Amino acid sequence: MNLFDVYPKYTLSPTSAKGTFIYTDEGKKYLDLYGGHGVISIGHSHSHYVKRISEQLSKIGFYSNSIDIPIQNELAQRLTEQSGYSDYKLFLCNSGAEATENALKLASFHTKKKKVIAFKNSFHGRTAAALNVTDNPKLSAPINENNFEVKWVELNNKNQLQEALSQNDVCAVIIEGIQGVGGLDMATDEYLKFLQDECKKHDSLLILDEIQSGFGRSGKFFAHQWANIQPDLITMAKGMGNGFPIGGVLIHPKIEAHYGMLGTTFGGNHLACAASMAVLEVLENENLLENVNQISKKIIEEFKNIPSVKQVKGKGLMLGIEMPFPIKELRQKLLYDHHIFTGASANPNVLRVLPPLSVSYAEFEPFIKALHKILS
Ligand SMILES: Cc1ncc(COP(=O)(O)O)c(C=O)c1O
């Protein structure tokens with residue numbers, strides 16, 4: 001049987017990984033500055049992560065949500081401590097798209113409305129509701145047409161937002177902490193505060209998609225915390241499990257739960273929770289947020305000194321290097337000639353950099369040297 005061929009691929013196949021590096025069977029070593037779409041947060045195969053998951057697996061790996069799963073409460077407690085969202089509730093699922101799907105449903109359940117405001121260039125996932133608020137019609141099938149109504153607003157545009165909210169018929173406004181797939185644009189802190197106030201005025205819930213920008217990637221636990229706002233719903237995935245599939249929604253206490261409102265077979269299973277606990281423990285024990293902020297400051301300066309770099313976008317270790325030309329060839333040279341993984345985005349000129357949050361400055365040096373060499 002062949003695989004259903006939906007992914008364009010590079011011609012290499014790593015078989016092991018450790019920290020910021022991945023290795024092929026022929027012994028070739030690659031520097032991973034992309035973490036498989038920003039998933040690797042504490043580094044590949046971190047010893048504590050391996051131990052935590054292995055120990056959990058040897059006890060119990062899975063049972064459904066029809067029993068008590070105490071490690072879910074431990075995870076909620078740790079999340080509270082590290083994110084600061086003490087009175088919010090946690091719903092666990094398996095992926096980013098599912099987190100989006102559940103957050104939108106919750107907003108609609110709570111407000112009893114069904115229109116949504118989303119932003120130009122957004123990406124929130126590929127399941128039905130998530131796709132409907134993703135600004136890329138090419139990803140939709142005919143079955144996705146005529147879903148709920150979405151009003152599209154440009155990032156940082158206040159008039160468009162006010163106009164879109166004016167009928168009081170919007171259940172949610174959904175926005176990424178930092179746009180990932182779209183190309184590293186973000187709302188200003190002032191705009192996020194405005195957005196929060198406008199949502200309150202019009203009885204709409206604010207959903208912050210922190211699926212890529214959360215779990216420390218921006219240098220704060222969630223990227224929106226730079227703006228000092230408190231959304232009603234916060235979605236998480238990617239870095240949350242360091243590669244183990246897990247997603248979640250943090251839910252404002254005003255939103256009431258009832259049995260059957262949401263549900264999943266696999267979400268919040270013992271193994272996934274153990275993986276996420278390990279991530280949170282390593283984030284704290286190794287002061288990774290501090291590492292993100294220190295490294296980020298240094299490398300942004302270095303990137304700005306590279307010939308032809310137009311601007312450096314993003315925050316923390318969620319960065320985009322914008323060139324005045326498409327980066328496709330540059331990315332290939334980095335991979336094949338210099339053995340460095342980087343990412344692309346919807347903006348063809350933006351090279352995406354999403355290393356593990358444990359990356360050291362020394363590990364960045366070969367990348368900076370390679371960029372100088374290729375571009376000068
Ligand atoms: C901001 C954002 N939201 C949602 C998703 C969807 O996540 P998943 O691929 O886990 O469904 C992604 C994935 O890239 C993302 O970057």
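Student: Where is Asp203 found?

Tutor: Asp203 sits in the loop between α7 (189-201) and β8 (205-209). Helices and strands here are DSSP runs, numbered from the N terminus: helices are H or I with at least four residues, strands are E with at least two. This is a predicted model, in which local features need pLDDT of at least 70 and side-chain atom pairs count only at pLDDT 80 or more, while totals for chains, interfaces and linings use all residues. Residues are numbered from 1 along each chain as its sequence is written.

Student: Why is Asp203 called partly exposed?

Tutor: A residue is buried if 20 or more other C-beta atoms lie within 10 Å of its own, exposed if 12 or fewer, and partly exposed in between, with C-beta atoms placed from the backbone. Asp203 has 15 other C-beta atoms within 10 Å, so it falls in the partly exposed class.

Student: What is the phi of Asp203?

Tutor: Phi of Asp203 is positive, about 55°, although the residue is not a glycine. Ser308, also a residue other than glycine, has a positive phi near 70°.

Student: What makes Ser308 count as exposed, and where does it lie?

Tutor: Ser308 lies in the loop between α9 (288-304) and β11 (311-315). Its C-beta neighbours inside 10 Å number 10, and therefore it counts as exposed.

Student: Is Glu145 buried or exposed, and on what count?

Tutor: Glu145 has 9 other C-beta atoms within 10 Å, so it is exposed. Its place is the loop between α5 (128-132) and β6 (150-153). Its C-alpha atom is separated by 41 Å from that of Ser296, 151 residues apart along the chain.

Student: Which class does Gly216 fall in, and why?

Tutor: Gly216 is buried, because 28 other C-beta atoms lie within 10 Å. Gly216 is also a loop residue, between β8 and β9 (233-236). The C-alpha atoms of Gly216 and Gly316, 100 residues apart along the chain, are separated by 8.4 Å.

Student: What is Gly216 in contact with, leaving aside its neighbours within four places in sequence?

Tutor: Two residues are in contact if their C-beta atoms, placed from the backbone, lie within 7 Å. On that rule Gly216 touches Ser41, Phe221, Gly239, Leu283, Leu288, Leu289, Val292 and Leu357.

Student: Why are α2 and α8 called roughly antiparallel?

Tutor: Helix α2 (residues 47-59) and helix α8 (residues 270-285) pack at about 155°, with axes 9 Å apart. Axes are lines fitted to C-alpha atoms, for helices over the stretch in contact, and angles run from 0 to 180 degrees between N-to-C directions. Angles under 35 degrees count as roughly parallel, over 145 as roughly antiparallel, 65 to 115 as roughly perpendicular and the rest as oblique. The pair is therefore roughly antiparallel.

Student: Which residues make the contact between α2 and α8?

Tutor: From α2 they are His48, Tyr49, Arg52, Ile53, Gln56 and Leu57, and from α8 they include Ala274, Met277 and Val282. By class the contact has 9 nonpolar, 3 polar and 2 charged residues. Ala, Val, Leu, Ile, Met, Phe, Trp, Tyr, Cys and Pro count as nonpolar, Asp, Glu, Lys and Arg as charged, and the others, Gly among them, as polar.

Student: What makes α3 and α8 roughly parallel?

Tutor: Helix α3 (residues 70-83) packs on α8 at about 25°, with axes 9 Å apart. The pair is therefore roughly parallel. The contact residues include Leu75 and Leu79 of α3, and Cys273 and Leu280 of α8. This contact has 8 nonpolar, 4 polar and 3 charged residues.

Student: At what angle do α6 and α7 cross?

Tutor: The axes of helix α6 (residues 158-165) and α7 cross at roughly 15° and come within 11 Å. That value makes α6 roughly parallel to α7. Lys158, Leu161, Gln162 and Leu165 in α6 meet Phe194, Leu195 and Glu198 in α7.

Student: How do you know that the radius of gyration agrees with a compact globule?

Tutor: The radius is taken over C-alpha atoms, and the globule rule is 2.2 Å times the number of residues to the power 0.38. For 376 residues a compact globule would be near 21 Å, and the protein has 20 Å, so the two agree. The C-alpha trace spans about 55 × 55 × 45 Å along its principal axes, and buried residues make up 48% of the 376.
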